[in-house]
Amino acid sequence: MEDASHLPKSMVENTKKEKRARWSSTAAFILAAVGSAVGLGNVWRFPYLVSKHGGAPFLIPYLVCLILVGMPILLMELSLGQMFQGGDIEAFGRMNPRMRGIGLASVFGSFVIVSYYSVILAYAGIYFVHSFKSPLAYAEGLTKDSVTLDTASSFFNDVVVKAGNAEKPTYAMSGEMVLALACIWVLVFLCIFNGVQTAGWVVYVTVPLPILIIVILLIKGATLEGAGDGIKEYIGKWNGSALNSVTMWSDAVGQVFFTLSVCMGVMTAYSSHNTIKHQVGRDEKIISLSDMGIALLGGFTVYSMLGHLEHLTQNKDIYQISSFSLAFVAYPTGISLIGGSNFWGVLFFLCLILLGIDSAFSMVEAVTTVITDSWIAKRYKLGKPICSFVVCLIAFALGTMHTMDIGIFLLDVVDHYVNSWGMIFLGFLESVSVGWVYKSHAQQKKVGKMSVIIYNFFFFFALLIGIIVGLSSSSDAAGGWGVFAGLIVYGIGLLIAVLLADKSVPLKTRIWAIVGWYGPDRLRRMINSTDGPAWVPGSTKSELKAMYMPHMVSIMFSFLIKYFIPAVLWVLFFTTFKTDVTKNYGGIPWSYQVIGFLLFSFMAFLVLTVAVFPRVLIDPSASGGESILHQLKWVFTPSPAKSDITAIYDESEVYDEDRVDTVIANNS
């Protein structure tokens, strides 16, 4: 047992009691987290966005958003899992039982994502198999003198996807796709069937190998004619005026947010298998920077090949290709035109499978972690193998609907609404939970409950007013007079809150008690306490040290979680919302859009239901009654009495010295 004498007593006691599965090593945890973060988007979405926004200038907003949005949320989730030693549901529930729905919604979203993400891996699997055949089916008849993307496009749409007419579907399934999908799920199950104990060994192969393949492909691509023009198109251009584009900054936030696998329950689940003294502050930086580095590397690899294609076709529209067309049409066409095309095809599609398989089994782990943490698993003694098998089986069954002739349309719509709507929505709620709900009782004790409630209300009301005004006067929620209007409302709220606060408290202390970031600071102190007894919260020496030591976290983290990130994500959400309600996404029929919207609505429903009925996720036997009617009545009681705290959490599960007070304060 590691020395943890300087940590809070309750945390130490629970660490001793915990018999949770642990990572085999720190390297295994970091590799698994990097593998989850690095996925197919690093190969086809990031490079396209760089080129779309004029090359190198895009890296500025990307890096800014990575530091100010992506890394803080990642660190928040890693620290929550480590501190509370549980998945998303348990982590948010132990801050306040009413917030368990956030964890439930994130895991539901993760499950939906992995069900269609595996289908994309199945596409790569089919290409992988066909790459062993000669001539290559996806480039049959092509020569350097007659280069066209039509052959590869036809192979993808007609042979692999078997896309039909969205307006007149037949709902026919592709047998080859179902078989490929089944093979992918067998691989996923083998990687994660016993949780981190198996994943901890698998990642030593599945993470380094695709990076090595990307480097090999880059070296080969750099030797091709026109590669230099492709690299120049990717990152060699500079247009400083592009930095004024709101769309560029919005795309940068979106890319950062989605590429780190945050708000899916993955990072919380992974870090819950660390010890409480693990230096997660250091790991967060390694994960984030590795993800960025691999994305940049992937861009060089892809655009060197696109440059070669542009050289052969003399068609600059090649650089506008993205997403499926980039990975399954353009790049395979380029591969087919170089010597040893079968070998390069096998390498490329093996790389895609390996990049995606880590992300896939990490999402399965997020789901199985919350299941095995639940009272159902504990009562019926459900272990990781059986939970992993059931989750994989259901996800496979759900994924088969994407093997139909309308599968590609469903996949696109579901991805948009669950990712672009659902994950941003959950990111907002997560930061609000930690920044505004967790430890709010401590603020109320200092200045009074009404003062804190008024201030909190006016902050979010000001945010809403600013967004409404911004959308009314501009194309995005942050434009026009929105910021100005929001600041006026916020200032009024702050003034009222200070006037209502306890006058016996000095003004400076009063203001800090109202506007301070108590919840995020609690996480920050947990992270920094791993530095040892020398860390003294609030002292100038310790705080200055936290600003430059890689394993520590500065006070800026707390400010970003409470104020900056909720505002940014809410603005991004409503900007996306406005765009989607004014025109149907991707030109896909509205009947498909409804499916995506219903999935997002269900995620919101889960959050709301548990917030109103916090006992929904609690063992009903704790009600003390044996009849089903009595237990249902107990479960659906909106406001548990203070005496019911032990029914929500057994006293042995206190992870935070103030947790019971927090629950009482937020449910009174």
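Leaving aside its neighbours within four places in sequence, which residues is Phe328 in contact with? In this predicted model, the list runs Trp44, Ile120, Tyr123, Ala124, Tyr127, Ala152, Phe156, Phe349 and Leu352.

**The nonpolar core**

- The largest nonpolar core holds 199 residues, and Phe328 is one of the members that touch the most others.
- Tyr123, Val188, Phe361 and Leu426 join Phe328 in that group.
- Helix α19, which covers residues 407-437, supplies the largest share of this core, with 18 residues.

- Helix α18 spans residues 384-399, 16 residues in total.
- From first C-alpha to last, α18 reaches 22 Å, close to the 22 Å expected at 1.5 Å a residue.
- Its buried residues are Lys384, Cys387, Ser388, Val391, Cys392, Ala395 and Gly399.
- Because these residues cover an arc of only 125° around the axis, they sit on the same side of α18.
- The cover over the buried residues of α18 includes α6 (100-130), α8 (175-192) and α16 (341-373).

**Cysteines without disulfides**

- How many disulfides does the structure hold? The count is zero.
- Cys65 is in no disulfide, and the nearest cysteine sulfur, in Cys263, is 15 Å away.
- Cys65 counts as buried, at 6% relative accessibility.
- For Cys351, the closest cysteine sulfur is that of Cys191 at 16 Å, so the two are too far apart for a bond.
- Cys351 is buried as well, with a relative accessible area of 3%.

**Backbone features in the loops**

- Most residues other than glycine have a negative phi, and most peptide bonds are trans.
- Gln85 is not a glycine, yet its phi is positive, at about 50°.
- You will find Gln85 in the loop between α4 (59-84) and α5 (88-95), and at 4% relative accessibility Gln85 counts as buried.
- Ser261, also not a glycine, has a positive phi of about 60°.
- Ser261 is placed in the loop between α12 (246-259) and α13 (266-271), where its 7% relative accessibility makes it count as buried.
- The peptide bond from Ser134 to Pro135 is cis, with omega near 0°.
- Pro135 belongs to the loop between α6 and α7 (150-160).

- Is Gly54 buried or exposed? Gly54 is buried, with a relative accessible area of 15%.
- The loop between α3 (40-52) and α4 is where Gly54 is found.
- Leaving aside its neighbours within four places in sequence, Gly54 is in contact with Lys237, Trp238 and Asn239.
- Gly54 and Phe111 are 57 residues apart in sequence, and their C-alpha atoms are 35 Å apart in space.

How values were computed. Residues numbered from 1 in each chain as written. Predicted model: local features only at pLDDT ≥ 70, side-chain atom pairs only at ≥ 80, totals over all residues. Heavy atoms only, no water. Core = buried A, V, L, I, M, F, W, Y, C linked by side-chain atoms within 4.5 Å. Buried < 20%, exposed > 50% of the residue type's maximum accessible area, 1.4 Å probe, protein only. Helix = DSSP H or I, 4+ residues; strand = E, 2+ residues; numbered from the N terminus. Contact = heavy atoms within 4.5 Å. Disulfide = S-S within 2.5 Å. Expected span 1.5 Å × (residues − 1). Arc of directions from axis to C-beta.
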